[in-house]
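Here is a short briefing for a reader who is meeting this structure for the first time. Please look over the sequence and the model before reading on.

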Amino acid sequence: MTKQENGNGIDLYTWATPNGRKVSIMLEELELPYRVFPIDITKGEQHAEEFVAFSPNNKIPAIVDHDTGISLMESGAILMYLANKTGKLMSPIGEKFWREMEWLMFQMGHIGPMLGQTHHFVRFNPGKAPYAEERYSKENARLYQVLEVRLKDREYIVDDYSIVDIATWPWISRFEWQLMNLNDYPRLRDWYVRIAERPAVQRGYAVPQQLEIPVPI
Ligand SMILES: N[C@@H](CCC(=O)N[C@@H](CS)C(=O)NCC(=O)O)C(=O)O
């Protein structure tokens, strides 16, 4: 990880979750200097007044870019901001850009919120709400299938590796929590492994905690 000692560059407020890892992976891909400030959401640190001042929805990730004075919450907005700052991993406005926005919004509106519900009901509260477990497991599988179809004849979700893959991959990396067998989705599995092999993804996954990337067996 590149660290900035003097208060310039980017401060990343994050935790070891899919939304947090999107931004650390992006920063590593771009090789931008950044400092990491872990916000332990299991201890309620996301509610601290100093944090809420620039992350008003009390959630990680958030960034403060000291080069521009801009602070941002919401991982999708942060990915777009960093892509725009560097001219990398997002297309200029045109047909491909809109395709990227379509699939980024699909991630932000479906993959993140729905798989997050699977984590809540299936992983952390099994047996408490069978209807919810069934509902979100089914939706989880449906969304995996949408990606499986999308990846037909494509290496990445919008043809070239982009913020769309960076936004989506950390959610698929929780396939074990979701009780999903990636081998049932061979194109999604290959996409997942291809991205897991990227050194920047491995470095970004290890922020703010060094944990092993799950590998499908
Ligand atoms: N739409 C937001 C969601 C952020 C989010 O849900 N963050 C979770 C961790 S992945 C969080 O901070 N949870 C703490 C809480 O809900 O109190 C984004 O994509 O940045």
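By class, the shell around the ligand holds four nonpolar, seven polar and two charged residues, where Ala, Val, Leu, Ile, Met, Phe, Trp, Tyr, Cys and Pro count as nonpolar, Asp, Glu, Lys and Arg as charged, and the others, Gly among them, as polar. This is a predicted model, in which local features need pLDDT of at least 70 and side-chain atom pairs count only at pLDDT 80 or more, while totals for chains, interfaces and linings use all residues. Residues are numbered from 1 along each chain as its sequence is written.

**Confidence**
- The protein chain has a mean pLDDT of 96, and 97% of its residues reach 70 or more; pLDDT is the predictor's confidence in each residue, from 0 to 100.
- Over residues 1-5 pLDDT stays under 50, and for these residues the model has 11 contacts beyond four places in sequence (two residues are in contact if their C-beta atoms, placed from the backbone, lie within 7 Å).

**Around the ligand**
- The ligand is surrounded by 13 residues, of which the closest are Thr-17, Asn-19, Ile-41, Lys-59 and Ser-75; a residue is near a molecule or strand if its C-beta atom, placed from the backbone, lies within 6 Å of it.
- Helix H1 (18-30) and helix H3 (75-86) are the elements that give two or more residues to this shell (helices, H or I with at least four residues, and strands, E with at least two, are DSSP runs numbered from the N terminus).

**Helix packing**
- The axes of H1 and H3 come within 9 Å and cross at roughly 10 degrees, with axes being lines fitted to C-alpha atoms, for helices over the stretch in contact, and angles running from 0 to 180 degrees between N-to-C directions.
- That angle makes H1 roughly parallel to H3, since angles under 35 degrees count as roughly parallel, over 145 as roughly antiparallel, 65 to 115 as roughly perpendicular and the rest as oblique.
- Among the residues that make this contact are Asn-19 and Lys-22 of H1 and Ser-75 and Ile-78 of H3.
- Helix H6 (residues 163-172) packs against helix H7 (residues 186-196) at an angle of about 105 degrees, with their axes 10 Å apart, which makes H6 roughly perpendicular to H7.

**The sheet**
- Four strands form an open sheet in the order S2-S1-S3-S4, with mixed pairing; two strands pair if DSSP finds at least two bridges between them.
- Strand S2 (34-38) and strand S4 (70-73) stand at the edges, each with a single partner strand, so one side of each is left without a neighbour in the sheet.
- Strand S1 (residues 10-14) pairs with S2 in the parallel sense over five bridges.
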